[in-house]
Amino acid sequence: MSITLDALETRAPEERERDLLARLPALIARAQQAPGWARILDGVDPRTVTTREALAALPVTRKSDLKALQEGAPPFGGLTATATGALAHVFMSPGPIFDPEGRGADWWRFARPMYAAGVRAGGLLQNCFSYHFTPAAFMVESGAARIGCSVIPAGTGQTEMQVQAMAALRPDTYVGTPSFLRIIIEKARESGVDISSVRHALLGAEALPESLRSWFRAHGVPHVFQTYASADIGSIAYETATDGVLDPGMVLDEEVLLEIVRPGSGEPVAPGDIGEVVVTLFNPDYPLIRFATGDLSALLAHGAPGGRTNVRIKGWMGRADQTTKVRAMFVHASQVQNIARRHPDILKARLVVSGQMANDMMTLQCEVAGTPDPALAAAIAASIRDVTKLRGDVAFVAPGTLPDDGKSIEDARDYS
């Protein structure tokens with residue numbers, strides 16, 4: 001049985017590059033039919049964009065700009081080439097930011113990372129991504145439909161029911177966040193329930209430190225893979241293995257044309273240097289041209305022992321801005337400022353994210369004058385929950401204590 005989903009993954013790198021560049025003019029022309037892209041790409045002749053150098057001369061559109069773009073031209077900022085009523089789903093992520101899904105098969109291109117993780121026709125997977133408002137669970141559903149496996153639509157939460165479903169239905173694969181898989185395994189061990197059927201895991205939405213990957217292997221899940229995706233792009237890159245050994249880095253999706261650029265600019269960095277991930281996506285419903293994700297990564301060499309020939313990246317290496325992902329949710333510097341504005345007693349605030357990955361803790365450090373009223377801490381904690389949709393602690397410090405470095409968010413987690 002082939003370890004690749006199709007022959008596209010093993011074609012010569014030169015053939016892939018020629019194909020992607022040859023498709024650029026049609027992609028840009030279709031994008032320009034959408035009013036948002038028509039404004040961004042005003043004056044661009046699609047016929048001239050046939051090289052990476054020509055692509056690099058086009059403006060960058062940043063993920064962090066989506067909220068403002070969508071407020072100005074709801075619901076998608078004029079960036080979709082398909083009418084809203086012709087889409088399959090419309091999703092809402094915190095912000096809010098709205099994301100479309102078209103009606104094409106495997107629209108998110110999620111079958112590739114799932115297949116690389118060992119999902120096969122006739123198998124059964126437990127889908128523990130959320131089905132509520134956000135698209136991750138639907139990415140899995142569409143990939144499973146292409147591969148031909150069955151899905152338990154488990155969603156998030158209800159740990160005891162998750163364990164019961166695994167014990168009764170015997171899925172071979174878990175798909176979801178690493179932190180939730182650990183919670184499920186710990187609950188099963190505590191309850192003495194056998195969930196040993198789960199031998200494969202495809203994990204996303206959070207970082208996966210090697211210490212946690214090793215923990216999963218030690219607790220009965222030997223085949224653990226990471227995927228890199230986003231609610232606007234779908235699959236970007238994913239881990240693969242050869243003869244049971246993980247290949248270096250993450251291999252790019254076949255529909256993604258990737259650039260690594262200097263953060264804050266559109267200038268490509270030298271191969272191997274760390275920079276911001278910028279994606280051009282060949283999606284007829286939601287074409288994305290030089291879309292800056294805000295994530296940091298670096299290019300690796302082509303290919304891997306298993307025969308996949310596409311470009312590889314080192315994986316997620318942090319954020320190019322202060323946006324930080326906590327328990328699979330993005331937290332923005334603007335949200336920290338929003339919380340501080342709600343409470344005039346706060347002179348200065350800094351959100352510190354600590355702990356180990358899969359066990360994140362948030363603490364809002366607040367400079368306040370004098371002795372704060374105990375009720376203030378409870379009020380601020382309620383604001384944290386309201387604004388970020390996450391729970392966080394509050395710590396009061398004296399004026400002048402917090403660093404004067406312009407940061408509203410500090411990621412102090414242990415990634416080892």
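Contact is taken here to mean heavy atoms within 4.5 Å, and helices (H or I, at least four residues) and strands (E, at least two) are DSSP runs numbered from the N terminus. The structure is a predicted model, in which local features need pLDDT of at least 70 and side-chain atom pairs count only at pLDDT 80 or more, whereas totals for chains, interfaces and linings use all residues. Residues are numbered from 1 along each chain as its sequence is written, and side-chain values use heavy atoms, with hydrogens and water left out.

Helix H8 (residues 178-191) comprises 14 residues and reaches 20 Å from its first C-alpha to its last, close to the 20 Å expected at 1.5 Å a residue, the expected span being 1.5 Å times one less than the number of residues. The buried residues of H8 (under 20% relative accessible area, with exposed meaning over 50% and partly exposed in between; 1.4 Å probe, protein chains only) are Pro178, Ser179, Phe180, Leu181, Ile184, Ile185 and Ala188. Their cover includes helix H7 (159-169), strand E6 (173-176), strand E7 (200-203) and helix H9 (210-218). Just after H8, Gly192 adopts a positive phi of about 70 degrees.

Asp232, in the loop between strand E8 (223-230) and strand E9 (234-238), is buried at a relative accessible area of 3%. Its side chain is joined by polar contacts to the side chains of Lys63, at 2.5 Å, and of Ser230, at 2.6 Å; a polar contact is a pair of N or O atoms within 3.5 Å, of which, within protein, one must be able to donate a hydrogen and the other to accept it, residues adjacent in sequence counting only if both atoms are side-chain atoms. When neighbours within four places in sequence are left aside, Asp232 is in contact with Lys63, Leu66, Asp99, Tyr286, Leu288 and Phe291.

A search of the whole structure identifies 28 salt bridges, each defined by a side-chain nitrogen of Lys or Arg within 4 Å of a carboxyl oxygen of Asp or Glu. One of them joins the side chains of Asp6 and Arg112 (2.9 Å, N to O); because Asp6 lies in the segment before helix H1 (13-31) and Arg112 in helix H5 (residues 111-116), the pair ties together parts that are 106 residues apart in sequence. Arg112 is buried, at 7% relative accessibility.

Arg350 forms a salt bridge with Glu410, with the closest N and O atoms 3.1 Å apart, and this pair links distant parts of the chain, namely strand E19 (residues 348-356) and strand E22 (residues 409-411), the two residues being 60 residues apart. Arg350 is buried, with a relative accessible area of 4%, whereas Glu410 is partly exposed at 29%.
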